[in-house]
Structures are given as C-alpha cells and as structure tokens.
Amino acid sequence: AGGAGGGVQKTFALREIDPILAYTEDETPIILIGDRLDQTVEVVIGSTILKSFTIKSEGVINATVPKGLMPGMATVKAISKTGEVSVCPTLLTIAAGSVAPRSGCNCGTTPGVLVGAAVLALALRNLRRRRPTIGM
C-alpha cells in the first residue's frame, strides 16, 4: 500500500533563526527556517506569543521580535496546526537598549560605520606613503 512519491515525510521542525540578536527597545525582524513551517499556527519567543507572522514558504517564516522583552536568552518555538511544538536549537539573545543612536547627531556612528571609517583612514595613510616624491 504506500503513498505516492515514495519520499520520506519531513517532520515539523524549526531549525534556525536569523538574526540571533534582538534589542529591548527595537522591533527586530527575524527569519525562521525549518521544515513544514507552513503548518505553523503560533510562534512564541520566551513566553511571548507573537501577534503576527508571515509564512513565506514551506520552510520559511518572517516574524518580528516585539519591543519590551526582557533582556537575556529566549527560546523560539513554532506550534503546528496539529499541536506539534518545535523549539529552535539556537537561543535568541535579547540585549538591553537599541541598535539605533540615542539622541542628537551621532551622525551614523554605528559599529559598521566606525569600522568603515577606520578602513578608509588606513587606506588613505597607505596611499600617502606610496606617493612618489618629486625633486629629491
């Protein structure tokens, strides 16, 4: 008797989240990746049930970590139509604060901008050293 296709049925499983860092003062978009996630009816971060999420495909869900969660490590769970619960093996880190500048004009002083400025400064310094001198 066997079913059509003869393939192995994937189990409902939440395998990873990206990114794995969120902030208490920001809403953070995350992507949940796994198998049969199109069967998901509920996503839970720590003890917080998300109000909404979007099933993008059989294996991908887009969700948003809400502001105001307690800092620390949080489990991420998906619950299926049939009541199966899958806990992601990777914990979500919730850091206190915000990734955005506080107030005033920090003029883009995020870590990425600072690294970019340092790389540019080194490149300019090296360029000055290589410039040929005239009249020596």
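What share of the 136 residues in the protein is buried? I looked it up: buried residues make up 25%. Buried means under 20% relative accessible area, exposed means over 50%, and partly exposed lies in between (1.4 Å probe, protein chains only).

**Ground rules**

I note that this is a predicted model, in which local features need pLDDT of at least 70, side-chain atom pairs count only at pLDDT 80 or more, and totals for chains, interfaces and linings use all residues. Residues are numbered from 1 along each chain as its sequence is written, and side-chain values use heavy atoms, with hydrogens and water left out.

**Entry: the elements**

I found one helix and 11 strands. Helices (H or I, at least four residues) and strands (E, at least two) are DSSP runs, numbered from the N terminus. I read the order from the N terminus as β-β-β-β-β-β-β-β-β-β-β-α.

**Entry: contacts and surface**

I turned to contacts, meaning heavy atoms within 4.5 Å. Among contacts with a separation of 6 or more, 61% join residues 24 or more positions apart. The accessible surface comes to about 9200 Å². Carbon and sulfur atoms hold 59% of that surface. Accessible areas come from the Shrake-Rupley method with a 1.4 Å probe; for residues, only the protein chains shown count as cover.

**Entry: salt bridges**

How many salt bridges does the structure hold? I found three. A salt bridge is a side-chain nitrogen of Lys or Arg within 4 Å of a carboxyl oxygen of Asp or Glu. Side chains of opposite charge can pair when their charged atoms come close.

I began with Lys-10 and Asp-35, whose side chains meet at 3.9 Å, N to O. Lys-10 sits in the segment before β1 (13–18), and Asp-35 sits in strand β3 (residues 28–35), 25 residues apart.

Next I checked Asp-35 with Arg-15, where the closest N and O atoms are 2.5 Å apart. Arg-15 lies in strand β1 and Asp-35 in strand β3, so this pair ties together parts 20 residues apart in sequence. I noted that Lys-10, Arg-15 and Asp-35 are linked in a network of salt bridges.

Is Asp-35 buried or exposed? Asp-35 counts as buried, at 13% relative accessibility. Lys-10 is partly exposed at 45%, and Arg-15 is partly exposed at 44%.

Last, I looked at Glu-84 and Arg-36, with closest N and O atoms 3.8 Å apart. Glu-84 lies in the loop between β9 (76–80) and β10 (85–87), and Arg-36 in the loop between β3 and β4 (40–45), so the pair ties together parts 48 residues apart in sequence. Glu-84 counts as partly exposed, at 30% relative accessibility.
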